[in-house]
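Please keep the sequence and the model in view while reading.

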Amino acid sequence: MPRETGRKLIAQNRKARHDYEVLDTYECGIVLQGTEVKSLRAGRASLVDAFATVDDGEVWLRSAHIPEYAFGTWKNHATRRNRKLLLHRKEIAKLDRETASSGRTIVPLAIYFSDGYAKVELAIA
């Protein structure tokens, strides 16, 4: 089976670019459970109230809504659980400095699949 190529948009936070001044953007991976991947592949997610924080040298996506997979079993995921974002150490340090010193926030702009991997586009606002 050929590998998936290109970019498939799953969810977009349209109000973020209107409500915030986007200073810098980052592309990062996201750690997902099995049924979350299936739910995202079905095109179901929402970033309306979502934000990201830096805690103990790790970046976490909070309040993003990925609904339960319809054909899942009792092992379905929690819909609004905290999800770890995958960034390089230097990028995490820069995000931590930006949010701590100047009072800025980290806002997710989009969730998408790029070459078969789930990714999140973050913005410092």
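## The hairpin of β6 and β7

In the hairpin formed by β6 and β7, two residues lie between the strands, and Asp 115 takes a positive phi near 55°. Strands here are DSSP runs of E with at least two residues, helices are runs of H or I with at least four residues, and both are numbered from the N terminus. The two strands run antiparallel and are joined by eight bridges, with Ile 111 standing opposite Val 120 in β7; strands are said to pair if DSSP finds at least two bridges between them.

This is a predicted model, in which local features need pLDDT of at least 70 and side-chain atom pairs count only at pLDDT 80 or more, whereas totals for chains, interfaces and linings use all residues. Residues are numbered from 1 along each chain as its sequence is written, and side-chain values use heavy atoms, with hydrogens and water left out.

## Ser 114 in strand β6

Ser 114 belongs to strand β6, which covers residues 106-114. This serine is buried, with a relative accessible area of 14%, where buried means under 20% relative accessible area, exposed means over 50%, and partly exposed lies in between (1.4 Å probe, protein chains only). Leaving aside residues up to four places away in sequence, Ser 114 touches Gly 6 and Lys 119, a contact being heavy atoms within 4.5 Å.

## Strand β7 and its partner β2

Strand β7 (residues 117-124) is largely enclosed by the rest of the structure, because six of its eight residues are buried. β7 also pairs with strand β2 (residues 24-30) in the antiparallel sense, over six bridges, and Glu 27 stands opposite Glu 121 in β7.

## Strand β5 between β2 and β4 pairings

β2 pairs with β5 as well, in the antiparallel sense over two bridges, and Leu 86 in β5 is the bridge partner of Gly 29. Strand β4 (residues 58-62) runs antiparallel to β5 and is joined to it by three bridges, with Lys 84 in β5 as the bridge partner of Trp 60.

## Helix α3

The 14 residues of helix α3 (residues 89-102) should span 20 Å at 1.5 Å a residue, and this agrees with its end C-alpha atoms, which are 20 Å apart; the expected span is 1.5 Å times one less than the number of residues. After α3 comes Gly 103, whose phi is positive, near 75°.
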